[in-house]
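Okay, everyone, let's get the model up on the screen. I'd like to talk through some charged side chains, then a pair of helices.

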Amino acid sequence: MNYYYTYLPLPYTYRSHERLTFFLLLIAQETLNARLDARVDSMVAQGLLAEIRQFYERYVKPYEDNDFHQGILQSIGFKEFVGYLEKFDHEHDQLITDYMRQPDRPGGSPPEGLPLLQKCLDNLKLVTQRYSKKQIKWINHRFLGNSRREVPPIYALDTTDVGKWKENVYTQAEQVIEAILAGATPSKEPLPKLTTAREGLNEETSFFCDTCQRTIVGEYQWQLHLRSNKHKKCLQSKSKKAKESGGEASTKD
């Protein structure tokens, strides 16, 4: 049996695709963290350090006004190593790489720069774990957090134990698909919609913040903006400038 998938941008009406179904592969966070850490170690073994060194030498080092909070320079897997890259050169990279590849590492002091590089690697692992949590939050918000959005049924499958992949993932997905193709209701329940703070709010209305000079779409995002530190700092800055010039700044938008 062949299964096909179709990508449809949201929001959309899926009534013409009544057999469209989503599967969400879930995993226990502790297990996922361990796999993510192992993935970072594997990337290092396959030449991650040489790759980011080459990128740094070509696209970062020649320039002085680098902003590691924008564009490609903010990418996970690069900015975490900037401190090491700025302090050490490719010769240190090779010494450290050779040292780390030895199954039985010799005694004595490790190569210079290794402690700092290890700190960078630990930071990369931590950031990667945080990003995985953000992905789950995005899925919950995008697909389950808006009761007014028409979304196909989403079935969760547990991938924590790969030794039970057939029974926990493959077989369950197959049963759901076969039931849908037969026009029947799958015995497995789809994920329920989440109740969120967005319920009852108008997400189509636009708001303009005079303080920050920004347009915000939706009541929920507007409420978040008013409570944000960035908005409060802009408000304080505007108030301070107004007082210095002898005027008064409004504390409300």
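So, Glu 57 is partly exposed, at 33% relative accessibility; here buried means under 20% relative accessible area, exposed over 50%, and partly exposed in between, with a 1.4 Å probe and protein chains only. Quick caveat: this is a predicted model, where local features need pLDDT of at least 70 and side-chain atom pairs count only at pLDDT 80 or more, while totals for chains, interfaces and linings use all residues. Residues are numbered from 1 along each chain as its sequence is written, and side-chain values use heavy atoms, leaving out hydrogens and water.

What does Glu 57 pair with? Lys 61, for one, in a salt bridge at 3.7 Å, N to O, meaning a side-chain nitrogen of Lys or Arg within 4 Å of a carboxyl oxygen of Asp or Glu. Lys 61 is exposed, at 52%. Glu 57 also bridges to Arg 53, with the closest N and O atoms 3.6 Å apart. Those two sit four residues apart in helix α2 (residues 48-59), about one turn; helices are DSSP runs of H or I, at least four residues, numbered from the N terminus.

Arg 53 is buried, at 5%, and it forms a salt bridge with Asp 93 at 2.6 Å. Asp 93 is in helix α4 (residues 90-101), so the pair ties together parts 40 residues apart in sequence. Asp 93 is buried too, at 6%. Put together, Arg 53, Glu 57, Lys 61 and Asp 93 form a linked salt-bridge network.

Now the helix pair. His 225, Leu 226 and Arg 227 in α7 meet Asn 229, His 231 and Lys 232 in α8, where contact means heavy atoms within 4.5 Å.
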